[in-house]
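Subject: Structure for you to look at

Hello,

Here is the structure I said I would pass on. Please open it alongside this message and follow the notes below.

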Number of protein chains: 2
Amino acid sequence: MSATGSDFLQLDPASAPGRGLTTWLADALRAAIMDGRLAAGTTLPATRVLAADLGVSRGVVVEAYQRLKDEGMASARHGVGTIIAEGLCSLGGTSPPDPSLAQGTPPLDTPWPRRWRAGADIDLSPGVPDLAGFPRAAWLRAERAVLARASAADLGYGDPRGSDRLRRELANWLARTRGLRADPENMIIVTGVAQALALLAQWLRASGRTDVAVEDPGSRGTRDELAYWGLRPVPVGVDEHGLRTDELARSGARAAILTPAHQFPTGVVLAPHRRRGLLDWAAATEGLVIEDDYDAEYRYDRTPVPAIQASAPDRVAYAGSTSKTLAPGLRLGWLIPPRALLADLVAAKHASDLGSPALPQLVLAQLIATGELEQHIRLVRKRQRGRRDALLAAMREHLPQARVQGVAAGLHLLITFPALDGRVDDTELAERIGQAGVLVHPLSRHRSRPEAPGLVLGYAVHTTDQLRDAVRRIAGAVAGSDRRTGGSGRALFVGAPVAAGGGA
Amino acid sequence: MSATGSDFLQLDPASAPGRGLTTWLADALRAAIMDGRLAAGTTLPATRVLAADLGVSRGVVVEAYQRLKDEGMASARHGVGTIIAEGLCSLGGTSPPDPSLAQGTPPLDTPWPRRWRAGADIDLSPGVPDLAGFPRAAWLRAERAVLARASAADLGYGDPRGSDRLRRELANWLARTRGLRADPENMIIVTGVAQALALLAQWLRASGRTDVAVEDPGSRGTRDELAYWGLRPVPVGVDEHGLRTDELARSGARAAILTPAHQFPTGVVLAPHRRRGLLDWAAATEGLVIEDDYDAEYRYDRTPVPAIQASAPDRVAYAGSTSKTLAPGLRLGWLIPPRALLADLVAAKHASDLGSPALPQLVLAQLIATGELEQHIRLVRKRQRGRRDALLAAMREHLPQARVQGVAAGLHLLITFPALDGRVDDTELAERIGQAGVLVHPLSRHRSRPEAPGLVLGYAVHTTDQLRDAVRRIAGAVAGSDRRTGGSGRALFVGAPVAAGGGA
C-alpha cells in the first residue's frame with residue numbers, strides 16, 4: 001500500500017504557522033497516522049514528490065520523515081522508502097478534541113488570544129526568560145553527575161518536602177542572594193510558585209481566611225488561581241511606591257500576596273516605608289504575607305533589596321522558582337513558610353503529589369553547588385541589561401512622551417501614557433500594535449480598576465535589533481492612535497523621563 | 001582557626017545508622033557548619049586524626065570531606081587541609097526541626113515505624129521497584145537527545161495537560177500494552193497516581209460525590225489521601241475474585257477506586273464476572289470507576305488482562321505511572337478520564353501547578369519512542385520472575401503451610417495463615433519477624449475489618465539468596481508464634497498449595 005501525493009494530509013502550506021514547516025508537516029503526518037488515514041505498512045510518498053506537491057523544499061520533508069523515524073512511527077526500508085510502523089494505535093473512532101483545550105489552556109500571565117499571537121513577529125509578552133539561553137550543557141553535565149551517584153533512596157518515595165540536598169543548597173543560596181533566613185528543615189520544594197500558592201490557598205481556606213489582598217494591577221493568573229481554591233481576591237492599589245498599605249489595612253483581608261522586589265506588572269520596588277507598613281499590618285492583624293520573589297535575581301543598577309521574609313520569617317511565606325532564571329518548563333520552586341504553617345503545608349503537598357520529582361531537584365542542587373547556576377545568572381543578567389538599555393535608548397528616540405517604570409530590575413518594564421488617559425483604551429492600542437506585528441500586554445489586562453493607559457513590554461527574549469524595531473512599530477501605532485484622537489503625534493505625553501521611572 | 005579532635009561533632013559511631021558511615025559523618029559535618037559550630041575559614045581536623053578519634057576507617061573521613069567539597073561547603077588548601085567555605089549561612093538562631101518531619105512523612109503504602117525499619121537487614125515492604133536497576137545510561141542518553149532538540153516552547157509554560165509528544169507516545173504505548181482506548185487530547189500528564197487521585201478527588205467533591213468505595217484490604221495511602229480532600233472512603237471487601245461488586249452495589253457510593261490488574265495488597269486479578277458486575281454498577285449508578293493500574297507491566301505467566309478502561313472509556317478514569325517501571329522518585333504518571341470530566345480536571349491541574357515538569361516528560365517520550373522503555377521492562381520482568389520463583393520455592397520448602405496469593409503478576413505477593421485465625425495477630429507476627437531482621441507488612445495494616453492473619457512480601461529489590469534467607473527467618477518466627485499458641489510448629493496451615501494461590 002502506498003500513499004501518493006499529499007491529499008491524505010489535507011493541508012495547505014499557506015496555513016503553516018511560524019513554528020516551522022518541518023514541525024507542521026511532521027504533526028500533520030502524525031495526525032494522519034493516528035486517525036487511521038495512514039495505516040501501518042503504508043509507504044509514504046517519495047520526499048521529492050511530496051515536497052513538490054506541497055510546494056516546500058525537499059529538506060523539510062526529509063526532516064519530517066526523519067522525526068517520525070526517530071519516534072518509531074515509521075521506518076526506512078531500502079529500495080522501498082519510508083514505511084508506517086506496525087503496532088501503532090489508530091484512533092479513528094474517537095471524537096474530535098475540544099478545540100478550547102487543543103490550543104492549550106493559557107499559562108499564568110500569558111492568556112492571549114491566538115489571533116494576535118499568530119500575526120506577531122515580535123512577542124513582548126512578559127513573564128518568560130530567554131529560553132534559547134537555557135544552559136543545556138551545564139544541565140546535562142549536572143544530570144550525569146547526579147545519575148552517577150544517586151542512591152536507591154534518591155529515586156524512591158522521598159520526603160514530601162523534597163531532596164534534603166537541594167534544601168540545604170537552597171538555604172545557603174537564598175541566604176546569600178536574598179538575605180533569607182531559611183532553615184532547610186522548614187522548606188518545601190514545590191513544582192513552581194503556582195503550587196506554592198495552591199498549598200497556601202488550601203491552608204488559608206481551611207483557616208477561614210477567604211479574603212486575600214492582591215496587587216492591582218497584578219497577576220491575573222494569581223487571581224484566577226485563588227478563585228479556583230475558593231478564595232476571594234481583594235484588589236489593593238499599587239502606586240509608584242508599591243502596594244498601598246493604607247488600602248491594605250482598610251481591606252479587612254488577613255492575607256496578602258505581593259511581588260515586592262519587582263512588582264508585576266508595574267516593576268516598582270516596594271519602598272522602605274511601605275515595607276514597614278506591610279509588616280505593621282501583618283503584626284496588627286496576625287496577617288500572612290505571601291512574598292512572590294519571581295524575578296529578583298535580575299537587578300541591574302543597585303544591589304537587590306533583601307526579601308521581606310528576612311525581616312519577619314514568622315509572618316511571611318516566601319516563594320521562588322527557577323522559572324525566570326532557568327525555564328518555566330522545569331516547574332521547580334520552593335516555599336519557605338512561617339514555621340507554624342509547615343506541618344499543614346507538608347500534609348497538603350503530600351496529599352497533592354507525595355513530593356516533587358527527584359532528578360531535577362538533584363540537578364539544581366548540583367548546579368548551585370558547582371557555581372554554575374550563579375555563573376548562568378550573571379551571564380543572563382549582563383545580556384538582559386544590554387537589552388533593557390537598547391529598549392530604553394530606542395524609546396528615548398521614538399517614544400519620548402512615554403513614562404517608564406520598572407527599569408531597575410526584572411525582565412519587563414511598563415510604559416504609561418498619562419496624557420492619553422480617557423482618550424485611548426490601551427487594549428485597542430495593543431491591538432493596533434499587534435497589527436503592526438508586535439505583541440504587547442495592555443496594562444488594563446492586569447488590573448481591575450481603570451487608570452492611565454499603559455503597555456507592559458517584556459524584553460527578555462529578543463535581540464537589541466529586534467527591540468529597536470519593535471519600539472519603532474509601537475511608536476507608529478501610538479502616533480496613529482494619537483492622531484485619531486486629535487493629538488499632535490509627538491511629544492504629547494508628560495511624565496518622568498524615560499530612563500528614570502518613578503520607584504523603579 | 002582549627003577544629004581539633006571530634007568533639008565539635010558530638011557524635012558516637014555506635015549510633016551510625018545502616019545508611020553508611022560516610023553519609024552519617026558528612027551529615028554531621030554539614031549540621032556542624034549550618035548551626036555555626038564550624039565557622040567559615042575553620043580548618044577541619046586531618047583525616048587521620050578524625051578517623052582515629054571516631055574509630056572509623058580513614059577512607060570514611062576522606063570521602064565525607066570530599067562530599068563537602070563537592071557541595072561547595074569546604075575546599076582543599078594545599079599544605080593546610082580542608083577549610084570550611086565562606087559565605088555559608090549559619091542557622092544558629094533557628095529552633096530545632098520538628099522530629100516528626102525530619103524523618104520524612106511516610107510515602108503512600110510504606111508508613112512504617114522507624115524502630116522496625118532500623119533493625120531490619122531485609123526490607124520486604126511492597127511498593128518499590130528495584131531502584132538499583134534504574135536505567136541510568138538510557139535515561140541520560142535520552143535526556144541528551146531531548147536537550148539537543150528541545151525548543152523554547154518545550155521549556156516554556158506549556159499545555160497543562162503536558163507535552164503533546166509524550167501524550168502521543170503514551171497513547172500508542174498504552175493501546176499496545178494495556179489495550180487502552182486513549183486519545184492524546186484526552187490525557188493529562190500528572191506527577192504520579194497520587195496527583196491523578198487528587199485531581200479526581202477535587203472533581204468528586206465538587207460534584208457532591210463524597211462517598212468513594214475503596215478496596216478492603218487496600219492502599220492505606222489512598223484512604224488517607226481521599227480523607228484529606230474531604231471525601232469519605234467506604235471499604236468494600238476483596239475476595240479471591242477481587243472487589244466484591246455485590247457489596248459495592250449495596251455501599252451507595254457512586255465512585256470506586258480499585259487496582260484490578262493486581263489488587264493491592266492481595267494480588268488477585270479482578271475476575272471476568274466481577275468486571276461485568278463493576279461495569280453494570282457503573283452504568284446503573286452513573287458511577288465513576290477509578291482504575292489504578294499500578295504494576296500491570298509485570299505479568300509473568302499469561303498475557304496481561306486489558307485495562308477496564310478499554311471496556312468503558314466513558315465510565316473509567318484510568319491512572320498509571322512510571323513508579324513501578326522506572327522509579328517512584330520520577331513522579332511521572334498519566335490520567336485518562338472520561339471525556340466529560342476532562343475540562344474540569346485540566347482546570348484542577350492548572351490551578352495546582354500549571355502543568356508537570358517538561359524535561360522528564362520529553363525524556364520518557366524518547367525512551368518509549370526508541371524502544372528502550374520496553375527493553376527495560378522486559379529485562380526487569382525477567383529478573384522479577386526469577387525472584388518470585390526463588391521466593392515461592394523457598395516457601396514450599398520452609399513454609400508449606402502458608403496460603404499464597406498474587407503470584408501471577410506484580411512486585412509482591414500475599415501469604416495468609418487461615419489456620420492461625422483468631423490465635424495470632426499478624427501485627428505481632430510481623431514484629432517478631434522484624435526482630436529476626438526481616439521487614440514485612442502485616443495484612444491487617446491494609447484493611448479495616450478483621451480476617452485471617454497475613455503478610456505482604458515485596459520481592460522486587462532483593463537477590464534470590466536474600467529472599468531464601470528471608471523466608472527461613474520468617475518460617476522461624478512463624479514456628480515460634482505457633483508454638484507459643486499451642487501449635488505443632490509445622491504443617492499446621494490449610495489452604496491452596498503455595499504455587500497456585502486463589503485468583504492470582
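Two strands pair if DSSP finds at least two bridges between them. Helices (H or I, at least four residues) and strands (E, at least two) are DSSP runs, numbered from the N terminus.

This is a predicted model, in which local features need pLDDT of at least 70, side-chain atom pairs count only at pLDDT 80 or more, and totals for chains, interfaces and linings use all residues. Residues are numbered from 1 along each chain as its sequence is written, chains are lettered from A and ligands numbered from 1 in the order in which they are written, and side-chain values use heavy atoms, with hydrogens and water left out.

The sheet in chain A

Four strands of chain A make an open antiparallel sheet, in the order S12-S13-S16-S15. Its edges are S12 (403-405) and S15 (441-442); each has a single partner strand, so one side of each has no neighbour in the sheet. Strand S13 (residues 412-416) is joined to strand S16 (residues 454-458) by 5 bridges, and His412(A) has Gly458(A) in S16(A) as its bridge partner.

Two helices lie across these strands. Helix H16 (residues 426-435) of chain A lies across S15 and S16, at about 45° to S16(A). Axes here are lines fitted to C-alpha atoms, for helices over the stretch in contact, and angles run from 0 to 180 degrees between N-to-C directions. Contact means heavy atoms within 4.5 Å.

The sheet in chain B

Chain B has an open sheet of 8 strands with mixed pairing, in the order S4-S11-S10-S9-S8-S5-S6-S7. Strands S4 (188-190) and S7 (242-243) of chain B are the edge strands, each pairing on one side only. S4(B) pairs with S11(B) in the antiparallel sense over 3 bridges, and Ile188(B) has Leu335(B) as its bridge partner in S11(B). Helix H13 of chain B packs on the sheet, touching S4 and S11 of chain B, and its direction makes about 35° with that of S4(B).

How many residues of S10 (residues 316-321) of chain B are buried? The count is 6 of the 6, so S10(B) is largely enclosed by the rest of the structure. Buried means under 20% relative accessible area, exposed over 50%, and partly exposed in between (1.4 Å probe, protein chains only). Val316(B), Tyr318(B) and Gly320(B) are buried on one side of the strand, and Ala317(B), Ala319(B) and Ser321(B) on the other. S10(B) runs parallel to S9 (residues 288-292) of chain B, with 4 bridges between them; Val316(B) is the bridge partner of Val289(B). S10(B) is also antiparallel to S11 (residues 333-336) of chain B, again over 4 bridges, where Tyr318(B) stands opposite Ile336(B).

Where the chains meet

Helix H9 (residues 193-206) of chain A packs against helix H13 (residues 342-353) of chain B at an angle of about 100°, with the axes 5 Å apart. That makes H9(A) roughly perpendicular to H13(B) (under 35 degrees counts as roughly parallel, over 145 as roughly antiparallel, 65 to 115 as roughly perpendicular and the rest as oblique). Ala194(A), Gln195(A) and Ala198(A) meet Ala351(B), Ser352(B) and Asp353(B).

Regards
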